[in-house]
2 protein chains.
Amino acid sequence: MGKLLVVGTVAFDAIETPFGKTDKILGGAATFIGLAAAQFDVQTAIVSVVGEDFPQEYLDIFTDLNMDVSAIERVKGGKTFFWKGKYHNDLNSRDTLSTELNVLADFNPVVPEAYKNANVVMLGNLHPNIQLSVLDQMTSRPQLVVLDTMNYWMDNSWDELIQVMKRIDVITINDEEARQLSGEYSLVRAANRIQAMGPKYVVIKKGEHGALLFHHDNVFFAPALPLEEVFDPTGAGDTFAGGFVGYLAETRNTSFNSLRNAVIHGSNLASFCVEKFGTERMLRLTKKEVEQRLKQFKELTQFDIELL
Amino acid sequence: MGKLLVVGTVAFDAIETPFGKTDKILGGAATFIGLAAAQFDVQTAIVSVVGEDFPQEYLDIFTDLNMDVSAIERVKGGKTFFWKGKYHNDLNSRDTLSTELNVLADFNPVVPEAYKNANVVMLGNLHPNIQLSVLDQMTSRPQLVVLDTMNYWMDNSWDELIQVMKRIDVITINDEEARQLSGEYSLVRAANRIQAMGPKYVVIKKGEHGALLFHHDNVFFAPALPLEEVFDPTGAGDTFAGGFVGYLAETRNTSFNSLRNAVIHGSNLASFCVEKFGTERMLRLTKKEVEQRLKQFKELTQFDIELL
């Protein structure tokens, strides 16, 4: 069975959308990545850090899904990373109301022995030095390393980010970040430039406008499924990434065609994530629902024009 | 051979983009619709009005492509409709610098006798009363009537627009217009509401973010082809509509599956239109280029996930 190593935040989120608000609920990039990857036949370990305030029942969620949580460090007396945000009416933009790094400030990732030869490594959005430390601990070059990052690291840790980019295969970023990273407005040109910085594949996430996968002159596109209502976009990008790496770790096939399918699986799972607050929808997602929606994705995008 | 009747503006445009600017060049909705439809095996007539200042060489463009221009009225002493606009740096928005209705102010469309039984009627963006007048002149109910309209008519001629909507099969509008017309923010809900107002099919054009086709609970999506550079978006929406109706008039098949293909053909042709100023690219477009890019559309969107 394919082995997937995920490093990223396991956190508390407090979310406000036009439809309601939550107290501190389970959140964090690694959480959403892990929950999405759990839809695939794969062994997953999560490397992260939480505080003493992090409830055992939340950790049990991961173990119940057969994830290895031995590398989620629980810091005595520490407080868990906390993010509070409020979405605007169109749900396409949000204000961060509060970010408390807490135990994340001194996070020192330790890769479990059994995962030092993982097939796929997913580097969730974190300081590039933490991402580098994880790669340094691998005893064999993973088949595929996927990096998620954000504009904050471009602004504050450019050199370190450039170092990570040289050691990965796929980068996932949003359209604005792709423009910032490359200095190009056109996403086609941006993707070309970014490939020259290291990753062979560039995934550009455009939220409700879908996701693009670039590889040399090849482009693949997956739309977001048009939904009657988007309730809470929190975690959609990480859920996309989780579906993407989960599929690739299961199939252990990293051809371009396989990555195309992975983009569809990621988009498919992300379409569930946004239907409820936080992880709520992902926690009660059935295989049947996933399969049914994949069918919708086919109907949404597949056509039958004969070419000469 | 299928017969296509197009009513819409034939005009002068003056365009400014970040890449350059033009003097008065050939423009107008019916122009772009006609040029796109000319890629298909179909007989097309254009119903429009121009002034005495409209050059014969522009009219020759249509006749050289075997279009019937007998119903393009040329008003003695009149001046041709003129639009001048400037695009912002991201090309997603523009300012109208000048609109001179000129001969369009008294446009009285006359459908050519031979096209009163056209298979497909494309009602380009015009006053709803002009669109109604065209429908009233048809001797038989066309197989398919497609309406393009805009927010201006929603603001100023709501009742007349509602009357047109009851007599058409497909409406093409952009996302903001769909929201205004329906009062719904979600495009899925907006499309449902709009279908209840008359059209069985709703096409929502999202510019660089592609186009959605709605029919009952079915949705189909075509992305815009990611381009290295978008030079001038003028006419892209009309080119899309022209490819859409051209394909449907050629095949005379108005099933949902046929409309899906039509959306792809429209998106495909629109991807050329934006590569040069005005009609420049469409005027020297070859069948081989069109076919080649359809292949790119397949590669962009088609995937191969087996479902149970």
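Visitor: Which residues of helix α1 of chain A are buried?
Guide: This is a predicted model, in which local features need pLDDT of at least 70 and side-chain atom pairs count only at pLDDT 80 or more, whereas totals for chains, interfaces and linings use all residues. Residues are numbered from 1 along each chain as its sequence is written, chains are lettered from A and ligands numbered from 1 in the order in which they are written, and side-chain values use heavy atoms, with hydrogens and water left out. Buried means under 20% relative accessible area, exposed over 50% and partly exposed in between, with a 1.4 Å probe and protein chains only, while helices (H or I, at least four residues) and strands (E, at least two) are DSSP runs numbered from the N terminus. In α1(A) the buried residues are A:Ala29, A:Ala30, A:Thr31, A:Phe32, A:Ile33, A:Gly34, A:Leu35, A:Ala36 and A:Ala37.

Visitor: In what order do the strands of the open sheet of chain A stand?
Guide: The sheet has 9 strands with mixed pairing, where two strands pair if DSSP finds at least two bridges between them. Its edge strands, β6 (72-75) and β14 (218-222) of chain A, each pair on one side only. Within chain A, strands β1 (residues 3-7) and β5 (residues 43-51) are parallel and share 5 bridges, with A:Leu4 opposite A:Thr44. The order in chain A is β6-β5-β1-β9-β10-β11-β12-β13-β14.

Visitor: At about what angle does helix α8 of chain A run to β9(A)?
Guide: Helix α8 (residues 236-251) of chain A lies across β1, β9, β10, β11, β12 and β13 of chain A, whereas helix α7 (residues 187-196) of chain A lies across β11, β12 and β13, at about 50° to β13(A). Axes are lines fitted to C-alpha atoms, for helices over the stretch in contact, and angles run from 0 to 180 degrees between N-to-C directions. For α8(A) against β9(A), the angle is about 170°.

Visitor: Is strand β5 of chain B largely enclosed or exposed?
Guide: Strand β5(B) is joined to β1 (residues 3-7) of chain B by 5 bridges and to β6 (residues 72-75) of chain B by 4 bridges, in each case running parallel. The bridge partner of B:Leu4 is B:Thr44, and that of B:Ser48 is B:Ile72. Because 8 of the 9 residues of β5(B) are buried, the strand is largely enclosed.

Visitor: Which backbone oxygen does the side chain of B:Arg179 reach?
Guide: B:Arg179 sits in helix α6 (residues 175-182) of chain B and counts as buried at 14% relative accessibility. Leaving aside neighbours within four places in sequence, B:Arg179 is in contact (heavy atoms within 4.5 Å) with B:Glu184, B:Tyr185 and B:Leu187. At 2.7 Å, the side chain of B:Arg179 reaches the backbone oxygen of B:Tyr185.

Visitor: What is the relative accessible area of A:His216?
Guide: A:Asn102, in the loop between β8 and β9 of chain A, has a positive phi of about 50° although it is not a glycine, and at 26% relative accessibility A:Asn102 counts as partly exposed. A:His216, in the loop between β13 and β14 of chain A, likewise has a positive phi, near 50°. A:His216 is exposed, and its relative accessible area is 55%.

Visitor: What rotation superposes chain B on chain A?
Guide: Superposition is by least squares on the C-alpha atoms of residues with pLDDT of at least 70 in both copies, and here it leaves an RMSD of 0.0 Å with 0.0 Å of shift along the axis. The two copies are thus related as by a two-fold rotation axis, and 100% of the contact residues of chain B recur in chain A. The rotation is 180°.

Key
A polar contact is a pair of N or O atoms within 3.5 Å; within protein, one must be able to donate a hydrogen and the other to accept it, and residues adjacent in sequence count only if both atoms are side-chain atoms.
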